[in-house]
Amino acid sequence: MNEIRPLVRLNPGEEILFMIRRHLFVFYARLISLVVLFFIPLFFAVLLIRFFENVYDGLSGGLLFGFFYMLWLIVLWFIFFLRWTDYYLDVWIVTNMRVIDIEHKGIFNSEVSTFRLEEVRDVTVEMKGVVAAFLKFGTVTIHTAGEGVDFIIKDAAHPLELKESLLRAQGALLEKHPSSTV
Amino acid sequence: MFELDGIASSLTSTKALWWLWALFAVGFILLSAVLTYHWRPYYALDPHVKATRLVHHIGGSVLLIIAAALLFFA
């Protein structure tokens with residue numbers, strides 16, 4: 001656990017209860033553009049092969065098309081992993097003491113914010129649209145005792161279960177330390 | 001005009017294609033190394049991140065090798 005210290009410092013006695021991410025549907029929806037870009041050169045294969053045969057005298061147009069297509073795939077492969085990592089590393093970690101929100105903005109910028117479970121005043125779940133209702137994802141807003149500070153996780157998977165688990169963890173903490181209410 | 005023809009012919013030579021391949025290879029390796037170092041703190045948090053980086057490296061390397069083979073036989 002030493003390696004994660006710069007990112008998340010767990011206090012003595014603190015345990016990770018669960019981690020929440022956005023619903024996978026959101027990730028898949030962002031991949032549609034990549035799938036389109038994957039197929040576009042194939043639709044123009046015949047034209048491109050002729051073009052390469054004209055431009056590169058004496059070289060096989062088909063093999064050159066394959067070469068350029070591989071380079072194209074390397075670019076798409078990179079974008080795919082950037083998107084996957086962005087999806088996967090945006091996470092909420094709920095411990096038995098607090099909630100840690102790790103959010104990535106771009107590749108190198110990340111924001112880590114935390115709030116203690118005792119500070120939770122109310123949890124609101126909003127599921128908009130047929131797809132969200134059917135696949136069970138939505139926006140969870142946690143109202144805290146701080147000055148108008150709300151924590152929002154958009155497109156969270158299983159938001160109702162998340163709400164219940166959060167309130168259960170808060171209840172367990174308050175039972176253990178009744179004096180810690182804000 | 002003569003110079004433009006010279007530039008065009010050098011850009012369309014096999015050597016230029018190998019330079020392009022090298023550019024992609026170096027770019028891929030450098031960017032992967034930087035990102036791997038940057039995301040190191042997450043490896044302990046979740047082993048899936050490390051596994052994904054490995055898949056990324058292997059996939060990218062395979063694509064680079066296939067590209068080199070296609071250019072070699074072209």
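## The four-stranded sheet

In this predicted model, chain A holds an open sheet of four strands, ordered β1-β2-β3-β4 with antiparallel pairing. Strands pair when DSSP finds at least two bridges between them. Helices (H or I, at least four residues) and strands (E, at least two) are DSSP runs, numbered from the N terminus. The edges belong to β1 (16-20) and β4 (109-116) of chain A; each has a single partner strand, so one side of each lacks a neighbour in the sheet. On average, neighbouring strands here are turned by 15° against each other, direction ignored. Axes are lines fitted to C-alpha atoms, for helices over the stretch in contact, and angles run from 0 to 180 degrees between N-to-C directions.

Strand β3 (residues 98-105) of chain A pairs with β4(A) in the antiparallel sense, over eight bridges. Within this pairing, K105(A) stands opposite N109(A) in β4(A).

## Numbering and confidence

Residues are numbered from 1 along each chain as its sequence is written, while chains are lettered from A and ligands numbered from 1 in the order in which they are written. In this predicted model, local features need pLDDT of at least 70 and side-chain atom pairs count only at pLDDT 80 or more, whereas totals for chains, interfaces and linings use all residues.

pLDDT is the predictor's confidence in each residue, from 0 to 100. Chain A has a mean pLDDT of 83, and 91% of its residues reach 70 or more. Residues 1-5 of chain A stay under 50; the model has eight contacts for them beyond four places in sequence. Where pLDDT is low, the predicted coordinates should not be read in detail.

## Overall build of chain A

Chain A has five helices and seven strands. From the N terminus on, its elements run β-α-α-α-β-β-β-β-α-β-β-α.

The radius of gyration of chain A is 24 Å, whereas a compact globule of 182 residues would come near 16 Å. That radius is taken over C-alpha atoms, and the globule rule is 2.2 Å times the number of residues to the power 0.38. Along the principal axes, the C-alpha atoms of chain A fill a box of roughly 85 × 40 × 25 Å.

## The three-stranded sheet

Another open sheet in chain A has three strands in the order β5-β6-β7, with antiparallel pairing. β5 (120-126) and β7 (150-157) of chain A stand at its edges with a single partner strand each, so one side of each is left without a neighbour in the sheet. From one strand to the next, the twist averages 20°.

Six bridges join β5(A) to β6 (residues 137-144) of chain A, and the two run antiparallel. Here V123(A) stands opposite I142(A), and D122(A) has H143(A) as its bridge partner. β6(A) and β7(A) also pair in the antiparallel sense, over six bridges. F137(A) is bridged to A157(A) in β7(A).

Helix α5 (residues 159-176) of chain A packs on β5, β6 and β7 of chain A, and its direction makes about 170° with that of β5(A). Contact between two residues means that their C-beta atoms, placed from the backbone, lie within 7 Å.

## Helix packing inside chain A

Helix α1 (residues 24-43) of chain A packs with α3(A) at an angle of about 180°, and their axes are 10 Å apart. That makes the two helices roughly antiparallel. The cut-offs are under 35 degrees for roughly parallel, over 145 for roughly antiparallel and 65 to 115 for roughly perpendicular, with the rest oblique.

From α1(A), the contact includes F27(A), R30(A) and L34(A). From α3(A), Y69(A), W72(A) and L76(A) are among the residues involved. By class, the contact divides into 11 nonpolar, no polar and two charged residues. Ala, Val, Leu, Ile, Met, Phe, Trp, Tyr, Cys and Pro count as nonpolar; Asp, Glu, Lys and Arg count as charged; the others, Gly among them, count as polar.

## The interface with chain B

In chain A, 26 residues are in contact with 26 residues of chain B. Helix α3 (residues 61-89) of chain A gives the largest share of chain A's side, 15 residues. That side has 22 nonpolar, three polar and one charged residues.

The axes of α3(A) and helix α4 (residues 47-73) of chain B come within 8 Å and cross at roughly 170°. The two helices are therefore roughly antiparallel to each other. α3(A) contributes residues including W77(A), F81(A) and W84(A), and α4(B) residues including H56(B), L63(B) and F73(B). This helix contact divides into 18 nonpolar, five polar and no charged residues.
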